[in-house]
Amino acid sequence: MEPICQTLFYNQRAKETLATFVDGGRFPHAILLEGPNGSGKTLLARWIAAAVNCRGEHPPCGSCSACRKILQDKHPDVRICSGTGAVQGFHISLVREIRESAFVLPNEAEKKVYILRNTQEMSTQAQNALLKILEEPPEHCMFILTVDSRAHLLPTILSRTVLIRMEQLTLDQCVKALETLAPSHTADEYEQCAFWSGNTIGQALDLLEHEKERTICDSALQAARALCGGTEFQLLAALSLYERKRELMLRQLQLLETLFSFLMLQKYNGDPCPHWLQDLQSRITTLQASRILDIIEQARGMLLRNGSGTLVACTLCGRLRRCLQ
């Protein structure tokens, strides 16, 4: 299991479950990997597929021809299927096509493996179509499903899969992983990207690589600091950055909710914040943080109802300032 330990950080229980399957020489026909986007579900799914078809002495070895092809997405018998990213974007037509192709024998592997990513995008009809193959799968076939929350899936799907939950990392764990995977950044960049990503390594790596997304995060932090210690003009300027770009403004407000939810929880529990948030933590009470969250939620509702970005920014600025008076 050494190769997987070097690429899938933490998630010790998931690794132990995979080791149990390997040691027992038997894998379930359907596995469900649950965890947020960026938590390593697809990486673990590839390793499971490699373990099933590994030709090395200690599977998954990561170095035999089968393992290399699978980990590089080049194996003809391991297929990764995804939806469009939208609600119900994993279409029933794709599920039906998978169901039909599953009965075709593998080209070179012992088992065909289907990795179905983001199954929360499946409609009820698509899940029922998938259920037909999960109930009586071909002996040569295995399914690995990933989902952000099993609450999106039908009980009948859950009952026919073995659930493996991805581990929720701490901020320090995420930072240490980032230092290994992307060694050319500063300590503050690691910590802030880990925070904004909810301590999920994949999302944090995306933040490190995409300056535009980091700019939106910085704008949310700028607005919070203007609210807690700046002037009304500074607050309005920060909230108006994306007044003509609705999606970016919604994202900024979402990040503000994340920030003040965290501050409220830390304040309530008496826990310390990262050093770059300590100034904010010292300036607001738990009750004020709660009121701020309500006001931001109302502003998001206005935007979603096609309210003017300029009007939303001005209204939000006034309400937030009054909240702290």
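Which residues does Leu259 touch, not counting residues up to four places away in sequence? In this predicted model, local features require pLDDT of at least 70 and side-chain atom pairs count only at pLDDT 80 or more, whereas totals for chains, interfaces and linings use all residues. Residues are numbered from 1 along each chain as its sequence is written, and side-chain values use heavy atoms, with hydrogens and water left out.

With contact defined as heavy atoms within 4.5 Å, Leu259 touches Phe195, Trp196, Ala220, Leu221, Ala224, Leu277 and Leu280. Leu259 is also among the residues that touch the most other members of the largest nonpolar core, which holds 59 residues. A nonpolar core is a set of buried Ala, Val, Leu, Ile, Met, Phe, Trp, Tyr and Cys residues joined through side-chain atoms within 4.5 Å; buried denotes under 20% relative accessible area (1.4 Å probe, protein chains only). Helices supplying at least two residues each to this core include α11 (211-229) and α13 (246-269). Apart from it lies another core, of 30 residues, with Phe21, Ile31, Cys61 and Val113 among them.

Overall, 49% of the 325 residues count as buried. The protein has 16 helices and five strands, taken as DSSP runs (H or I, at least four residues, for helices; E, at least two, for strands) numbered from the N terminus.

Helices α5 (residues 92-101) and α6 (residues 124-135) pack at an angle of about 5°, their axes being 9 Å apart. The two helices are therefore roughly parallel to each other, a term applied to angles under 35 degrees. Ile92, Val95 and Arg99 of α5 make the contact with α6 residues including Ala129 and Ile133.

How values were computed. Axes fitted to C-alpha atoms, helices over the stretch in contact; angles between N-to-C directions. Parallel < 35°, antiparallel > 145°, perpendicular 65-115°, else oblique. Buried < 20%, exposed > 50% of the residue type's maximum accessible area, 1.4 Å probe, protein only.
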